[in-house]
Amino acid sequence: MPSLGWPEILIILAIVLLLFGANKLPDLARSMGRSARIFKSEVNEMRNDDKPAPAQAELPQAAPETQSAAQSATQIADNQPRPQN
């Protein structure tokens, strides 16, 4: 089977350009890039499925001062008289 050289590749590219037109080529390239990205992420996800999931550390709770400050600010805002129309 003969190998493809530069002249053959240029002819193939010219035919593709004629078939799809210059306006469609950027969209075609963009969709191929998205497809490749999705495929790559799915392959990585399949590889990660085989590994055991790491234990998630609990998130630290907010400091008591912060909680009480937020509660008191809410209570103050609730006790403010509202203007009547």
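Trainee: What makes a group of residues a patch?

Mentor: Patches are made of residues with over 30% relative accessible area and no salt bridge, and nonpolar side chains such as Leu, Ile and Trp are joined within 5 Å. In this predicted model, Leu 4, Trp 6, Ile 9, Leu 10, Ile 12 and Leu 13 form a nonpolar patch on the surface. Together they have about 670 Å² of accessible area.

Trainee: Why does Trp 6 count as exposed?

Mentor: Exposed means over 50% relative accessible area. Trp 6 has 67% relative accessibility, so it counts as exposed. Trp 6 sits in helix α1, which covers residues 6-50.

Trainee: What does UniProt list for residues 6-25?

Mentor: An unreviewed UniProt entry gives "transmembrane region" for residues 6-25. In the model, that stretch is 100% helix and 0% strand, and its end C-alpha atoms are 21 Å apart.

Trainee: Which residues make up the negative surface patch?

Mentor: Glu 42, Glu 45, Asp 49 and Asp 50 form it.

Trainee: How do you know whether Asp 49 is buried or exposed?

Mentor: Set its value against the cut-off of over 50%. The relative accessible area of Asp 49 is 53%, so Asp 49 is exposed. Asp 49 also belongs to helix α1.

Trainee: And how many helices and strands does the protein chain have?

Mentor: There are two helices and zero strands. Of the 85 residues, 0% count as buried, where buried means under 20% relative accessible area. The accessible surface of the chain comes to about 8,600 Å², with 61% belonging to carbon and sulfur atoms.

Notes:
Residues numbered from 1 in each chain as written. Predicted model: local features only at pLDDT ≥ 70, side-chain atom pairs only at ≥ 80, totals over all residues. Heavy atoms only, no water. Helix = DSSP H or I, 4+ residues; strand = E, 2+ residues; numbered from the N terminus. Buried < 20%, exposed > 50% of the residue type's maximum accessible area, 1.4 Å probe, protein only. Areas by Shrake-Rupley, 256 points an atom, 1.4 Å probe, with all protein chains shown as cover. UniProt positions renumbered as here; feature names shortened; annotations may be inferred. Patch = residues over 30% accessible without salt bridge, like charges linked within 9 Å, V, L, I, M, F, W, Y side chains within 5 Å. Salt bridge = Lys/Arg side-chain N within 4 Å of Asp/Glu carboxyl O. Lys, Arg positive; Asp, Glu negative; His and termini not counted. Charge placed at Lys NZ, Arg CZ, Asp CG, Glu CD.
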